[in-house]
Each structure stands twice: as C-alpha cells, then as structure tokens.
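Me: I have a structure open here and would like to go through it with you. Could we begin with the overall layout and then turn to the details?

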Amino acid sequence: MTKVLTRYRELVAAGELRLDPEQEAAADRLDQLAQQLEAVPRKGSILWRALGRRPEPPRGVYLWGGVGRGKSMLMDLLFDCVAIRRKRRVHFHEFMLEVHERLNVERQKNTEDPLVAVADALADDIRLLAFDEMVVNNPADAMILSRLFTEMMRHGLSVVATSNRPPSDLYKDGLNRELFLPFIALIESGMDVLALNGPVDYRLDRLGSMETWLVPNGAEATAQLSAAFFRLTDYPVEDRARVPACDLPVQGGRQIHVPKCVKGVAVFSFKRLCGEARGAPDYLAIAHRFHTIILVGIPRLGPDNRNEAARFVTLVDALYENRVKLLAAADAEPDDLYIVGDGAFEFERTASRLHEMASDEYLAEGHGEH
C-alpha cells in the first residue's frame, strides 16, 4: 500500500469520505499505476539508455459511473500523489478544443499528416495524461479519436479517464458511429475499465438539503453559496483567500476568465457572465467544462437590461442542455424575475427550466447527459 490508497483511507478516517468498496478498489488500482509510473526509468537516464528502446507504458485506467461517485476525486488523488514530472490533467472538452485548433494550424501549414503532427506535439514529454469527464457528442471528435490516441500512445503515454458512461456507450447513436468503434476497442484493450456506481451520490450528499435558488441577493445568500462551494470542492476553508482562478478557452482563440475554478465547480457574478458581450459559444464552453456553476448577483430583469436578460436565457439553455447544476442568488424567484416588458412572455420558458434544474431528478443526472 502506497500513497493513493493511503490518502484515500486517510480521507475516510477523517470523515471527508464514506468508505465505499468500489472507490477503495479503484484507489488500489490507481496506486498500482502510480508505482508502475514511478518505476519507469527517467528519460535519458542510464537505465533508459540501457533498454535501447522506449519502456512500455503502464496500462491506463478508465473510471466510469453516475454523477457524484468520486471519479474525479480519485483521479485527482492519483495526479497529486504520483511522483513524476511529466504529467498533465485536463478536461476532455478543453483538450478536444485544443486538438481542433492545432489541426487547423497544421492544415494551414500544409503539413502532410496533420493528425500525426498534433498527436506528436500533444504527447511529447508526457507520461501520464489524465482526462476528466470524457463524453463524445461531436462527430468531428468521434472521427479522429481512435487514430489520435493510437498515435499518442506510441509515445509511451498512460491515460487515465473519467466518464459517466461505460466505453461501449460512448457516442451512442452518433452519426457514423461505426467509425468510432475502433476508439472503444482501443480503450477496452489498452485500459482497465472500472465502474463506480455505488448507492451514494456524494455530490448531492454534500449539498444536503440546501436550496439551489436563494432569494434575495445579500450576505446570507453569499455565505450559503460559499459554504456549498467548499463542500463540493473539498477546498480548505482556511485557504479561501487563495482559491484558484483559471482561463477557459473558447473556440476561436478567445478565453473566459473564471474567478473561482476548482474540481469542476466555477463561481461567477451575473455582471461578469451576462453583463459583458458574450454569446452561445462562451456559454457552451462553460457548460461543457463545469458540472456546477455558482452564480451570484442575478437582478430583476426587464426592458432596462434586456441584453443581459437575453444572455441569461442563452446561459440557462446551455446549462440545461448539458445538465449543469446551477446554484444561484437572485433578487426574485424564477417566476418573478422577469414579469414586465417585451421579453416577459418568452422568459416563462426559462423560468420553467430553472424550476426543473432545482428538482431532485435533474440534480441526479450526469453532466452532459441529455
């Protein structure tokens, strides 16, 4: 027993987690992977050169299961514990945006085989690639994944991935799915597939009985949302002044600054998200990247802020379609948020969606599943 399993059991002993046999088994398997990665000779070392070839990479792990079952938590334990330098953790959607942007650059350069060039660049000097929330719903992604990962794995790469679906259900009923089947075969042959489908939804459990739509805006609502953020992310409350931010890439080379960004949970102000010039691509990038959004400062809406209201409608649509959880503080309940003006009738649909997003059924659904 080494670091990953030890750390998992420490979290259980401290009451941060409940003992879950499937989680413990997954922690044990990730512990083995960490040991295998650490045992591979360092690139350029005497042992490396003595082999006369690149060492075989350790077999990867694919963790799948329902929402809140601890997949990302376990992957983070591995990533934090494994003592190797050449590792990368990235959200799957963010990674695929990067792939397509790199492919466009290589095509403009008339590279003979753009996909090989991109795979070489992405895998260069990386031994562990950790993907969070693998979901494939884009035909453009589906068509290139098998060859992309085959080429990347030639570089001695080990992959760890989390997903709400087993490999056989990825891109289910997608266009030209037969072209995607080799990628499923690659996962099943090159990775250990572990299910995490215990009876407890840890994410919902941490929310407890908290209301997801808080009225009115103010110190009390802010304090409740802050407490929810720390419960959902396990970020130490005593380090609240150092909560990390991040910059989220949007297709086209732009970025969205996320003021608080931890373990798939993001915090925004309404002014930042809907008061600035944004469109559907921005909100879709947010919806693909984060499983939970905390939004503060939602005002009453009407003709005086119709542009902000229109952006808010687009934001809610993007979150709803991707089953993102929304925790919010507002000046009114959804039905009373936009009651006067030329957009009030249309807003009834958004209010209906906001009510559904607060339901137990919606909160139990997996991110990206619809």
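Predicted model: local features only at pLDDT ≥ 70, side-chain atom pairs only at ≥ 80, totals over all residues.

Me: Now the largest pocket. What volume does it have?

Reply: The volume of the largest pocket is about 400 Å³. Its lining consists of 22 residues, and those closest to the pocket centre are H93, N137, N138, D141 and H288.

Me: Which elements give two or more residues to that lining?

Reply: Those elements are α5 (92-108), α7 (139-153) and α12 (280-289).

Me: How do the lining residues divide into nonpolar, polar and charged?

Reply: Ten are nonpolar, ten are polar and two are charged.

Me: I would like to look at R89. What is the distance between the closest N and O atoms in its salt bridge with D76?

Reply: In the R89 to D76 salt bridge, the closest N and O atoms are 2.5 Å apart. The pair links distant parts of the chain, with R89 in strand β2 (residues 87-91) and D76 in helix α4 (residues 71-81), 13 residues apart.

Me: Are R89 and D76 buried or exposed?

Reply: R89 is partly exposed, with a relative accessible area of 26%. D76 is buried, at 10% relative accessible area.

Me: What about R89 and D132?

Reply: The side chains of R89 and D132 also meet in a salt bridge, at 3.2 Å from N to O. R89 lies in strand β2 and D132 in strand β3 (residues 128-132), so this pair ties together parts that are 43 residues apart in sequence. D132 is buried, with a relative accessible area of 4%.

Me: Which residues are linked with R278 in a network of salt bridges?

Reply: The network links R254, E276, R278 and D282. Within it, the side chains of R278 and D282 meet at 3.9 Å, N to O.

Me: That distance is close to the limit, I think. What is the cut-off for a salt bridge?

Reply: The side-chain nitrogen must be within 4 Å of a carboxyl oxygen, so the R278 to D282 pair at 3.9 Å is counted. As for burial, R278 has a relative accessible area of 17% and is buried. D282 is buried as well, at 3%.

Me: On to packing. Where does A26 lie, and is it buried or exposed?

Reply: A26 lies in helix α2 (residues 21-39). Its relative accessibility is 1%, so A26 counts as buried.

Me: Which residues does A26 touch, not counting those up to four places away in sequence?

Reply: A26 touches L63, L74, L194 and L196. As to L63, the C-alpha atoms of A26 and L63 are 8.0 Å apart in space, while the two residues are 37 apart in sequence.

Me: Last topic, the backbone. Is the peptide bond from V215 to P216 cis or trans?

Reply: That bond is cis, with omega near 0 degrees. P216 is in the loop between β6 (213-214) and α10 (219-233). In general, most peptide bonds are trans, and most residues other than glycine have a negative phi.

Me: What phi does Y171 have?

Reply: Y171 is not a glycine, yet it has a positive phi of about 55 degrees. Y171 is found in the loop between β4 (158-163) and α8 (181-190), and at 5% relative accessibility it counts as buried.

Me: And what phi does N176 have?

Reply: N176, although not a glycine, has a positive phi of about 55 degrees. N176 is placed in the loop between β4 and α8. Its relative accessible area is 38%, so N176 is partly exposed.

Definitions and conventions:
Residues numbered from 1 in each chain as written. Heavy atoms only, no water. 1 Å grid on protein atoms, 1.4 Å probe; cavity = no way out; pocket = protein on both sides within 12 Å on 5 of 7 lines; lining within 4 Å. Points joined across faces, edges and corners; volume = space filled by probe spheres on them. Helix = DSSP H or I, 4+ residues; strand = E, 2+ residues; numbered from the N terminus. Nonpolar A, V, L, I, M, F, W, Y, C, P; charged D, E, K, R; others polar. Buried < 20%, exposed > 50% of the residue type's maximum accessible area, 1.4 Å probe, protein only. Contact = heavy atoms within 4.5 Å.
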